[in-house]
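I set out here what I looked up in this structure, entry by entry.

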Amino acid sequence: MSSQFDRRKFLIGAAGAATSGWLLAACSGGDTGSGGTPQASASQIPQADIDKALDTETTLTFWTWVPDITNQVKMFTDTYPKITVNTVNVGQGAPHYQKLRAAIQSGQGAPDVTQMEFQYIPSFTLGDAGSLLDLSPYAPADIQSFYPEWVWGQVKINNGLWGVPQDTGPMGLLYREDLLSDAGIEAPKTYDDFAAAAASYHSKNPKSYLVNVAPNQPGQMVAYLWQAGVRPFKFDGQETVTIDLANDQAQKVIKFWGDLVTSGGASNDPDFNDSWYQGLAGGKWASLPIAAWGPVFLQGTAGKTSGKWRAADLPQWDAGQTVSSNWGGSTDAVLKASKNPIAASQLALWINTNKESTLRFANEQFLFPAMNDVLTDPSFTGQESEFYGGQKVNEKFAQISETVSTDFGWLPFMDFVYSNFTETLGKAFADKTDAVAGLQAWQDGCAAYAKDQGFTVA
Amino acid sequence: MPTLVQPGPATAAPVSSKPRLTVARRRQYGAAYALVLPFFIIFLAMIVVPLLYAGYLSFFKDKLVGGVSFVGFENYVRALTDASFLGSVGRMALFLVTQVPFMLGLSLFFALALDSGMMRLSRFTRMAIYIPYAVPGVVATLMWGYLYGPDFGPIAQVFSALGGSPPNFFTETGMLLSIMNVVNWEFIGYNMIIIYAALRSIPTELYEAARVDGASEIRIAWSIKIPAIRPALLLTVIFSVIGTFQLFNEPKLMASLAPTVIGTDWSPNLYAYNIAFINQDTNYAAALAFLLGFVIAVVSYIVQLSAQRKERNS
């Protein structure tokens, strides 16, 4: 179950990865993104109340695992000296959510502000007992315009704004320029090209593969489905879920990857373990479809292959189109139980919308930005990366972010969905059995769980 | 998880004592109770209360939608028909009857060899065999995971250097054997120390008498040493029974290397953990834990009983 939290693992290593040549561009100053003068709608907290709350002695607790986030917190408390923030790292990923759930259930000890990944939001807004604060009344009225549409769709769910986006993971394709050109292959533009390239590449390099299909990586597989227009998960915020994993579109995608594995054109190694890291560094794979947090991660993992990698769009199902999807990404959310909802929401908003703060996230902590302002900032997009042969990788992924398709929803129990993937579809990849049957088993497993938990399954 | 409560006279007060105690006596009793009090407070707070609470939880069901309801023995019934749970208990039973005898046999062998006094470097050897136990299980499993690695592990590399294809450690059977191997490596030294300590406490006069009677070292080991350390051997067996059914770290960490082989239900503890934290079904996990405790208690009791019977017969 640890495997799906790769972005987090990456974040642990991010600080270390910062050593290599990726420039830490200086932050340019700028206006605050959050300030402005919101046109207060009826439901919104008046600016005067916000100012008053920020000028009152308050102590907030903030649970997060993001490395060096105290930098941003300090910028906030320097701006509002009467606010004190205790930043606590209670664990990365699963342990974080377990402790958060325990604290919420026990009614004490929960933080005011918490790290919250996109796919976990529904499990914390579930039913009447939803434990996240709707930030709409606390946020600037024009906040929607800060973000690409697909990002907004991840946080504005069932008429509530449940978190302030912090980082995202638009999907792209990293590939080894040297290995592909040695094999006489061009970076594949469509999935048809990709399948042909995989077969041809492997026949020329019996010890190497074009790509790996990890049997423990639901996040990546869901991103492939997302890209193909599959919308398998829906949740009405109360008790009805839609689980539609095995539709025709999804079957087409899964059959594609399953066929690659059974034909031997793709390997089926578990990822994000030592063996996989060594494989990346040692040329076992000529490409890596991964999210925008991947380039820095790869640089830290496969340092000796510097200069040989390039970044491109994911292969496309229809030639001429450019569609991407997302894998990973998180927000800062405020708990309903917070005694200082105004100050807490301002902390979440400030560190994630203040331009200076968000640029530091992007350029120092390598969180791939969610905000348009940062995605288009020259200090971010202009960085040329030696590891990618001087390519402006940030710019590439910023462009990809614009092509991420919208309206992708999650179920309120993604822990189970992801864990069950490894037992069903993942197992089919690992054992080289019928992947479409594995997909059906995944669908059935999720639906059975939902029913057992009292949901109405539509 | 219920642990075995060792029957013992530790706290039994003399039954026949007269109500009138001397001041000094009373003070002694007071001191004794004061000394065991910290243990009992922690025992109550950390073992008994959580155990009772878990028992209480196991009779409810808490759905994500619909909340909590009392379900009686439903969780237990479900567990007894749950292929994942039964399969994991079965796997551990297989582990118990194959790995444990092998491990304890080697522990006994090493302990006897060290005790025979016929070894050079015996202190170093004792240390060397014991050291793996001092390596944290997490580190041990990571290390073995590297050794087993199919692409870059040294074993695989030796095989491919010799032109062969390396054995796959990450199949169903391969994984069982791989984990058995890790457990052997970890616990042979630990059990050896227990057995060795027992051997050291045997009065040497017995050996001298046996030698006078013309017994060989092997005969001495078989007819004097092993019977004399039977309680220690029984202890190692009971520890191994408990340890086996509670196997968790090794499969949990190996899961990153072979996620589809280990799955969520490889061992009963791993399964209960995943039910509690991934499926968010604490109630069912509590029932599983209780059933597992029951299995452990029964198996331990059977082991103890059969050992006692053997002793009586001999």
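I began with the exposure of T305(A) in this predicted model. I counted 18 other C-beta atoms within 10 Å of T305(A). I placed T305(A) in the loop between α12 (294–301) and β10 (309–313) of chain A. I then took the C-alpha separation of T305(A) and W327(A), which is 24 Å for residues 22 apart along the chain.

Next I turned to the domains of chain A. I noted domain 1 as 2–168 + 327–394 and domain 2 as 170–324 + 406–457. Over C-alpha atoms, I found the centres of domain 1 and domain 2 of chain A to be 27 Å apart. I recorded 34 residues of domain 1 of chain A in contact with 39 residues of domain 2 of chain A. On the domain 1 side, I listed α1 (6–17), α5 (121–124), α6 (149–155) and β11 (326–334) of chain A as each supplying at least two residues. I noted that α1(A) gives the most to that side, with eight residues. By class, I found 14 nonpolar, 15 polar and five charged residues on that side.

Last, I examined a helix pair in chain B. I read an angle of about 45° between α3 (residues 83–115) and α7 (residues 172–200) of chain B, with their axes 7 Å apart. I therefore described α3(B) as oblique to α7(B). I recorded the crossing as right-handed. Among the contact residues I noted F95(B) and F102(B) of α3(B), and F187(B) and Y196(B) of α7(B). I classed the contact as 17 nonpolar, four polar and two charged residues.

Definitions and conventions: Residues numbered from 1 in each chain as written. Chains lettered and ligands numbered in written order. Predicted model: local features only at pLDDT ≥ 70, side-chain atom pairs only at ≥ 80, totals over all residues. Axes fitted to C-alpha atoms, helices over the stretch in contact; angles between N-to-C directions. Helix = DSSP H or I, 4+ residues; strand = E, 2+ residues; numbered from the N terminus. Parallel < 35°, antiparallel > 145°, perpendicular 65-115°, else oblique. Left-handed = near helix turned anticlockwise from the far one by under 90°. Contact = placed C-beta atoms within 7 Å. Nonpolar A, V, L, I, M, F, W, Y, C, P; charged D, E, K, R; others polar. Buried ≥ 20, exposed ≤ 12 C-beta atoms within 10 Å, placed from the backbone. Domains from an automatic or database assignment.
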